[in-house]
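Here is a short report for someone meeting this protein for the first time. Look over the sequence and the fold, then read on.

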Amino acid sequence: MEALYRLAWMTDKAGMVPVNWRAMETEELGSVYESLLELQPQLGDDGVTLVFASEAAEQKGNQRKTTGSYYTPDSLVQALLDTALDPVLDRTEAEADDPAKALLKLSVIDPACGSGHFLLAAARRIATRLARIRAEEAPSLADFRHALRDVARCCIHGVDRNPMAVELTKVALWIETVDPGLPLGFFDAQIRCGDALLGVFDLKVLQDGIPDAAYKPLTGDDKDTAKYYLKANRDATAGQGGFDFGAGKGAMPAIKPMAVDFSGFRDLPEDTVEQIGAKAKRFKELRKGQTFVRAKAAADLYVAAFLMPKVGGAPSGASARTVPTTEELWMALNQGQMRQSMADVPKAARRARAFHWPLEFPDVMQRGGFDVVLGNPPWEVMQLSEKEYFAAKHPEIASLAGAARKRAIDQLKNDNLVVYADFENALRMSEAGNEFARASGRFDLTARGKVNTYALFAEHFANLARMRAGVIVPTGIATDATTAPFFAALVKNKRLAKLVDFENRAGLFPAVHSAMKFSLLTLGREEHLAAFSFFLTDPGQLMEPERNFTMSADEIALINPNSGTAPIFRARYDAALTAKIYSSSPVLIREEKDKQDNPWGLEFRQGLFNMTSDSELFRTAVQLQADGFVRDGMDWVLPEIRPAQSAMAADGPGVRLLAQSEDGLKTIRYVPLCEAKMISFFDHRFAGYAARGNDRGYRVLPETTPDKHANPGFEIEPFYWVRKCDLDERLSERTKSHWLLGWKDVTAATNERTAIFSIIPRVAVGHTLPLMFSTESVERLMGLYANLNSLVADYTARNSVAGLHLTYGYLKQFPIFSPAFYSKSRLTFIVPRVLELTYTSHSLASFARDLGHDGQPFAWNEDRRALLRADLDAFYARAYGLTRDELRYILDPADVKGAEYPSETFRVLKDNEIRQHGEYRTRRLVLKAWDRMEAQGEFQALGL
């Protein structure tokens with residue numbers, strides 16, 4: 001009675017009010033489902049009552065988080081149906097002689113259906129059309145109800161690994177399809193419980209046997225036992241198991257007759273309770289048929305090979321095996337036999353809810369898959385989180401920090417072996433799922449790196465859809481390196497129909513971080529143009545034309561030829577302008593299968609010292625001074641150390657000595673370690689640490705002031721120093737030069753500048769300051785340096801860099817002119833400007849000499865430097881073939897398109913300069929340089 005009372009009444013500010021269940025939409029079952037997932041039932045301290053995890057514990061980890069389940073707002077569902085379902089319905093109606101019959105033959109599925117939100121929405125859309133066709137005029141509510149019932153029983157399918165979700169979906173369908181005088185529909189055959197990613201997708205894999213990767217030792221496995229089963233499996237697949245499909249000794253199950261049987265079963269009527277009972281009985285009979293049973297047993301063994309622990313040592317013989325090999329699989333498939341020792345093995349697959357698609361939906365899979373696949377699958381890394389696992393079971397362990405938590409988990413071996421065994425088993429199952437994803441062949445394009453369920457589901461949607469698919473996934477599906485092969489395949493095979501990217505700033509998913517980017521990805525067939533929208537915050541923005549643009553496979557390949565990932569543009573004009581820029585210049589390095597086009601002869605190095613793994617090599621000023629070192633310019637030296645004393649004098653293992661004098665004395669020298677945050681474009685002295693400060697507290701990097709910049713003897717203070725011998729060893733095979741060219745790895749498309757390159761002295765370099773080495777002459781290399789730092793190149797970088805790192809992959813695809821572009825006259829224009837911008841301190845004297853300049857460093861003058869940069873920016877804008885208005889747009893879209901245009905380029909630069917100078921100085925100076933060079937014929941003289 002208390003439960004009924006709580007269901008009927010709720011408390012608000014006015015007191016107790018009745019719950020209006022009549023006004024509840026069926027979709028709200030989804031929010032109920034998500035809320036239930038948040039609750040973690042635990043036994044109370046009294047051992048009798050049931051309590052739920054506290055809010056703090058829920059934040060540390062809960063089922064909702066671990067399953068990656070988030071209720072999808074209806075606005076997103078409808079937006080996805082517009083592109084994934086409606087085109088199929090339009091085509092079906094247009095091409096069919098009997099549109100009503102054709103609509104009811106369509107198959108729609110959500111492979112991670114949750115509470116059935118997508119399925120309900122799809123059913124309503126199909127039913128609306130069906131009712132209209134049947135009524136031949138405006139349909140009545142009864143017409144729609146009849147149509148919805150027919151659509152639900154004929155078209156709608158779903159899968160979810162959570163039994164509660166499966167039941168909620170059925171309930172939702174029953175509620176929606178209630179038709180007076182008719183029984184509730186039979187949905188057991190359409191809404192199935194299982195893990196859509198774990199199981200056999202094509203029965204042909206059974207013919208090839210179990211992959212060797214299934215026997216890789218995982219957590220808790222015995223290596224020798226795993227080795228035994230690996231050998232036994234190899235023996236079986238090599239033919240020693242006695243099965244030869246090619247020679248006819250073994251036979252694959254006859255799926256077509258089973259598909260026909262299932263198709264006939266689905267056509268059975270459901271107009272009476274007796275007919276519903278007969279249909280349920282027939283469904284059970286179909287799943288007891290010999291073909292089905294043998295195929296199911298073999299498929300379960302296939303999956304169980306990955307899941308079963310490899311322990312207990314080598315069995316005494318084949319009859320004692322507890323882990324299936326290909327031999328056992330083929331026995332079950334062909335003879336319907338299973339060794340007694342294997343009797344419990346299929347249970348492992350069933351406990352994991354392995355789902356075999358050709359057996360669960362044989363008629364649909366026989367036709368090539370489902371016509372439409374829809375959904376918002378889980379977004380979770382397939383790696384067990386200790387913190388999330390223990391949050392509900394043992395919050396005290398979950399609350400501990402990393403090392404302490406690991407010690408507490410290890411202690412469970414002594415304190416509570418049952419709890420530890422459960423954890424170890426969960427960890428092992430997580431690892432087994434990863435191995436299955438990588439080895440089964442189902443996810444060849446997405447099971448890479450740290451495997452994520454959303455990527456696997458995206459590939460699954462593509463494989464499952466016969467006509468069209470729509471899926472909500474993180475935008476990384478189109479931009480990340482690990483998913484690049486999948487996205488490139490979509491583009492190449494003309495499967496990509498539309499990609500709509502959202503930022504979660506408006507809280508479309510309230511439980512997801514506001515910075516999260518996700519997309520509505522629509523796949524089709526023979527899609528010659530793909531539609532894109534990026535940086536949306538509300539589905540309503542899809543109606544704004546300038547936010548939408550299309551690109552062909554060739555255009556995507558022009559901009560991102562190596563990765564095949566999606567170019568990211570805020571507006572239609574950005575897409576057109578970027579394509580124009582890329583048509584004027586090749587990418588920096590073009591990679592193909594067997595070769596690469598690398599005109600600059602570039603090699604990259606991810607810095608010289610890793611700031612974490614090499615940290616034992618680093619010394620602070622306080623440490624060096626305490627060890628007796630003294631300053632020598634920016635270096636620290638320990639002078640006059642004789643060879644016999646060196647090991648005692650130097651702090652650190654394996655010290656090698658440098659600078660041997662005539663009398664045999666040697667000097668240990670430490671040189672500065674330059675970090676990426678210490679540089680800016682054309683500026684190796686952008687920011688440094690204070691000269692004094694303790695090892696722990698002083699980590700502030702004040703930017704170098706103009707008066708310090710103006711002092712050519714001033715150098716920024718690093719926080720760490722590294723032995724010169726270690727630096728020379730790491731550079732020995734790459735360059736003898738006394739200067740280096742590198743860039744900031746950590747960046748963002750929303751920073752003041754995204755691509756920041758700088759010439760620096762020959763010093764140690766941290767890993768966030770990657771270096772490049774070229775085989776070209778120094779003079780031409782200055783052209784590359786200026787090109788990389790130009791505003792136009794930065795504009796393209798802002799449309800490419802999707803994350804927080806300017807990686808090699810992004811850099812290689814920048815549109816950069818080749819060495820052949822740099823004629824004598826062009827170098828005469830570029831080199832003096834680059835030299836003056838770069839050579840501002842004595843530490844780069846060797847750089848200046850390499851360019852033929854023996855004079856003093858150039859004076860640091862902010863106004864003069866701004867003019868030099870403006871000249872270079874105008875030069876490269878013209879070189880890319882841009883017009884003055886196109887350059888104006890790159891500097892500030894609002895200046896050309898108006899303040900409401902949905903794009904931004906250098907907004908932060910503009911805002912900072914308005915605060916500092918009272919104007920957007922860069923825009924004024926660059927356009928002034930353009931006008932001067934145009935009027936004086938400089939562009940023409942330079943061949944531009």
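How many of the eight residues of helix H34 (residues 791-798) are buried? Eight of the eight are, so helix H34 is largely enclosed by the rest of the structure. The buried residues include Leu791, Tyr795 and Arg798. Asp794 and Thr796 are also among them. What covers the buried residues of H34 includes helix H28 (572-584), helix H33 (778-788) and helix H38 (862-879). Helix H39 (884-891) and helix H42 (921-935) are part of that cover too.

**The whole protein**

The model is a predicted one. The protein has 944 residues, and 53% of them count as buried. It holds 43 helices and 24 strands. Its accessible surface comes to about 41800 Å². Carbon and sulfur atoms own 51% of that surface. Take the contacts with a separation of 6 or more: residues 24 or more positions apart account for 74% of them.

**Another enclosed helix**

Helix H20 (residues 386-393) has six of its eight residues buried, so helix H20 is also largely enclosed by the rest of the structure. The six are Glu386, Glu388, Tyr389, Phe390, Ala391 and Ala392.

In soluble globular proteins, nonpolar side chains tend to be buried together. The largest nonpolar core here has 104 residues. Within this core, Trp357 and Phe532 touch the most other members. Helix H8 (residues 117-135) gives the most to this core, with ten residues. A second, separate core has 78 residues, including Leu788, Ile830, Leu844 and Ala877.

**Single residues**

The table lists relative accessible areas for some residues.

| Residue | Relative accessible area | Class |
|---|---|---|
| Leu7 | 47% | partly exposed |
| Glu435 | 13% | buried |
| Asp873 | 9% | buried |
| Cys155 | 0% | buried |
| Cys725 | 10% | buried |

Start with Asp873, in helix H38. Which residues does Asp873 contact, leaving aside its neighbours within four places in sequence? They are Asn789, Ser790, Leu791 and Val926. Leu791 is also one of the buried residues of H34. Asp873 and Asn789 lie 84 residues apart in sequence, and their C-alpha atoms are 8.6 Å apart in space.

Glu435 sits in helix H23 (residues 417-439). Leaving aside neighbours within four places in sequence, Glu435 is in contact with Ala213, Lys216, Leu218 and Phe306. Glu435 counts as buried because its relative accessibility of 13% is under 20%.

Leu7 belongs to helix H1 (residues 2-8). With Met1 and Leu4, Leu7 forms a nonpolar patch on the surface. Together the three have about 390 Å² of accessible area. An α-helix has 3.6 residues a turn, so residues three or four places apart point the same way.

**Cysteines**

How many disulfides does a search of the whole structure find? The search finds zero. A disulfide needs the two sulfur atoms within 2.5 Å.

Key. Residues numbered from 1 in each chain as written. Predicted model: local features only at pLDDT ≥ 70, side-chain atom pairs only at ≥ 80, totals over all residues. Heavy atoms only, no water. Patch = residues over 30% accessible without salt bridge, like charges linked within 9 Å, V, L, I, M, F, W, Y side chains within 5 Å. Areas by Shrake-Rupley, 256 points an atom, 1.4 Å probe, with all protein chains shown as cover. Salt bridge = Lys/Arg side-chain N within 4 Å of Asp/Glu carboxyl O. Helix = DSSP H or I, 4+ residues; strand = E, 2+ residues; numbered from the N terminus. Buried < 20%, exposed > 50% of the residue type's maximum accessible area, 1.4 Å probe, protein only. Contact = heavy atoms within 4.5 Å. Core = buried A, V, L, I, M, F, W, Y, C linked by side-chain atoms within 4.5 Å.
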